[in-house]
Amino acid sequence: MAGPQLGGAAVMAVDELDTLILALRADGYRVVGPTIRDGTIVHADLERSSDLPQGWTDEQGPGTYRARSVDGDAQFSYAVGPSSPKEELFPPRQRLWTATSDGDASFQVVEEVRETPRIAFLGLRGCELAAIAIQDRVFLRGSYQDEVYAANRSDTLLIAVECGSPGGTCFCASMGTGPRVDDGADLILTELLDGDPRFLVRVGSDTGAALLERLTHREASAADLDAREQVVTAAAAMMGRTLDTDGLHDLLLDNLDHPRWDTVADRCLACTNCTLVCPTCFCSTIEDTTDLRGEKAYRDRRWDSCFGLEFSHATPASVRTSTKARYRQWMTHKLATWIDQFGTSGCVGCGRCITWCPVGIDITEEAAAIRRASDPTPADLPVPPTGAR
Amino acid sequence: MHDGIGRPTVAVWKFASCDGCQLSLLSAEDELLRIAEEVHIAYFLEATREVVEGPYDLSLVEGSITTPDDAERIRHVRDISTTLITIGACATAGGIQALRNFGDLDAFRSLVYARPEVVASLADSTAIAEHVPVDLELRGCPIETDQLVEVISAVLAGRKPVTPTHSVCVECKLRGNVCVAVADGTPCLGPVTQAGCGARCPAFARGCYGCFGPTESPNPASLSAWLEEQFGVDHPELLRLYRTFNADAPAFRSESRRHEEVAP
Ligand code: SF4
Ligand code: SF4
Ligand code: SF4
Ligand code: SF4
């Protein structure tokens, strides 16, 4: 039978996930998706569907994450963990080139050979697809194309699984990036747990259609489509957080001297975690080193963050010396100036920055506090930690 | 100052310390051999009795200043060194022996020594930079061999060394550690501690002990408030968290003092 084409919908049994992973691996893809490690759901290379965190869920709040085992058949019953596709597409460290000297004054620069890995991402949520689209815009659609990102992104396959279990720090519904996924992936799966556990599979590209052909499936019924509707509608109602984006750009930029920035700076550790776990943050720094003999020089690039002092170093000193200036840079970039720069918000509402902040600073709460009062009363300001600066 | 075949001369000095930083250089055999090819190790008593007279191009200084004699000796070392780099928490922040700065030296001295009056000792254990200008401070208890090799390579090449001053958290994220504070509720000093160790403790599911000292912009008061609120860490325990190898580094010192005031 000819399977569904672009835009079509089918249903497959849960076991077919294994067939899917094996088929992708047979095609030479690394299959990158969720697994459980160190009590946390992180991304790793999957070999079989048994590597998925079946029977696991998570509880997330500001500054806290716990994975917990649960009964039931669900394979994807959790919100996003600390990993994101950024780790593969824009890796934490990349060597750019090596220079070799022959002892005299001459030297040769050897650029790194860029591999173009085949990566199939399995289990991407709406927020993560949106984050990839944002990084595509940053790295590929400007006047300058980032060759590291371009190489890693050139042969990727995106398999989404719509989210049925948002966490305590999620707010994708506010940002319009999820839980519903209608495009942006090669295949879009929805885990249906009513009756017989099964996956609704929608086709988002010709590659996806060809892949579905290799899986045992049947045509989706109206009842299947209905069940999917219920999953995403329920998920949208379960968001742990909300962010009112109405006029947010101007609100933040008109309130650069709001006292709330001081309050949050008293709590903020300038530790960089929020930016490094954020799936859209794209900043990096260059490290130039040489070997002991002085025969080789290396240029490496690694993730950087606007929370670092060096980040704003402009001769003779750093521009953003206070944590207040750095927190304000981060939040106004994510929610306001990103729009001026790239045409969309820099935030997809994944909640990672809230969960993985070691002191639980919440971007939605900070934005709400500034909205609550352009002329704040003391009641709007949280009590700063004892003895804070 | 270069030796006969043009290699820069290096001296390694010891003040009040456990020798652990010198040992981390000695135990890194491969690196040490490579270093010895590029520089002339002219004074390193822990490794060899052979001594070449100064002055020296580069001095590596381990240990803190705890006696009047050492306070004199470090001035001499500075005078005969073109570049002076301190290695480790003792030289950079006074070390674990700076715990005495929080107590009464005379009381300690009469408890420990049979004839305390013959022991010449300063009231405080202090960092080298409090006595002489220092060109670079290498953190850690002990130092990380990779960082030392990087700094020596940089000095040889006449470039800036790559020794970032941001938090340990950056290193956690770069190596893909799961955060033990968030995912396990383990108190971790990583957010207020300078990088350099490669986030070794969190990689083994332990909280960071702060052995590299405070970051460029530390905010221990906020971290303490969170540990107290969320994990129930009390004031005596918070005091102990900050009062270890870098107890006298200013940001950790003032924070532990704060918990002293509120502790019963
Ligand atoms: S700012 Fe926070 S919630 Fe928004 S995309 Fe980044 S990590 Fe996710
Ligand atoms: S928020 Fe900071 S780290 Fe993230 S992209 Fe903007 S400037 Fe870079
Ligand atoms: S907001 Fe939180 S995660 Fe971000 S730098 Fe501040 S303390 Fe660290
Ligand atoms: S484990 Fe510690 S050092 Fe690592 S990210 Fe968490 S708080 Fe920071």
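## Interface between chain A and chain B

Between chain A and chain B, 15 residue pairs are in polar contact, both residues being at pLDDT 80 or more; such a contact is a pair of N or O atoms within 3.5 Å, where within protein one must be able to donate a hydrogen and the other to accept it, and residues adjacent in sequence count only if both atoms are side-chain atoms. This is a predicted model, in which local features need pLDDT of at least 70 and side-chain atom pairs count only at pLDDT 80 or more, while totals for chains, interfaces and linings use all residues. Residues are numbered from 1 along each chain as its sequence is written, and side-chain values use heavy atoms, with hydrogens and water left out.

Three salt bridges (a side-chain nitrogen of Lys or Arg within 4 Å of a carboxyl oxygen of Asp or Glu) link chain A and chain B. One salt bridge pairs E310(A) with K160(B), whose closest N and O atoms are 3.9 Å apart. In terms of contact (heavy atoms within 4.5 Å), 46 residues of chain A meet 39 residues of chain B. The buried area (accessible area lost on putting the two parts together, 1.4 Å probe, summed over both) is about 3400 Å², with 58% given by carbon and sulfur atoms.

Beyond its neighbours within four places in sequence, M331(A) is in contact with L252(A), W261(A), A336(A), I363(A), E366(A) and A367(A).

Notes. Chains are lettered from A and ligands numbered from 1 in the order in which they are written.
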